[in-house]
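I opened this entry to record what I looked up in the model and in what order.

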Amino acid sequence: MTASPSSRRRSGPDLLGLAGFAVLCLAVSGIGGAITATSVDGWYQTLQKPSFNPPDWVFGPVWTVLYVMMAVAAWRVWRRAGFAGGRAALTAFLVQLGLNLAWTVLFFGLQAIGLALIEIVVLLAAIVVTAVLFRRIDRLAGWLLAPYGLWVAYAMALNTSLWLLN
């Protein structure tokens, strides 16, 4: 089966769009990882942790998968609605991506566990809003953010416990 002329024309921009969203999300991941590295082997190790704190090696692979899923979700929204039609959803996406990085700065960079806790509540709300807006445009895009929302809810529980214990 051959592709229609319009699908052949669109495949190049589609792949560039996907690459763009992947670069954006993985750049945020890389910046966050660099900030995390400043504290994870020092200050973070001195914290009293709850029993449900996972081993440190779990975080990298989980976050990588989540950032890739976020990129695919945003790409699907852009692909379906474009920047103009998906303006609210894609703006919400950028806001939550910025909040995601801000949490890392607060928690690991500034070692401000309490401020990070307040911020992660806002982040989780932003993820929910983004998922709802994405789902209105592309059902799968909305669902692709569900694991991210669940992981951030878990991270919020960890952040709360770390704040209470330390």
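**Confidence**

I began with the pLDDT (the predictor's confidence in each residue, from 0 to 100): the protein averages 93, and 93% of the residues score at least 70. Over residues 1–9 the pLDDT is below 50, and this stretch has 1 contact beyond near neighbours in sequence, a contact being heavy atoms within 4.5 Å. I noted that this is a predicted model, in which local features need pLDDT of at least 70 and side-chain atom pairs pLDDT 80 or more, while totals for chains, interfaces and linings use all residues. Residues are numbered from 1 along each chain as its sequence is written, and side-chain values use heavy atoms, with hydrogens and water left out.

**Helix H7**

I then turned to H7, which has 20 residues and reaches 29 Å from first C-alpha to last, close to the 28 Å expected at 1.5 Å a residue (1.5 Å times one less than the number of residues). Helices here are DSSP runs of H or I, at least four residues, numbered from the N terminus. Among its buried residues I listed Tyr148, Trp151, Asn159 and Leu162; buried means under 20% relative accessible area with a 1.4 Å probe, protein chains only. Their cover includes H2, H3, H4 and H5.

Leaving aside neighbours within four places in sequence, I found Tyr148 in contact with Trp63, Leu66, Met70, Gln96, Asn100, Leu123 and Ile127. Is Asn159 buried or exposed? Asn159 counts as buried because its relative accessibility is 1%. Its side chain reaches the backbone nitrogen of Leu117 at 3.4 Å.

Key: Buried means under 20% relative accessible area, exposed over 50%, partly exposed in between (1.4 Å probe, protein chains only). A polar contact is a pair of N or O atoms within 3.5 Å; within protein, one must be able to donate a hydrogen and the other to accept it, and residues adjacent in sequence count only if both atoms are side-chain atoms. Helices (H or I, at least four residues) and strands (E, at least two) are DSSP runs, numbered from the N terminus.
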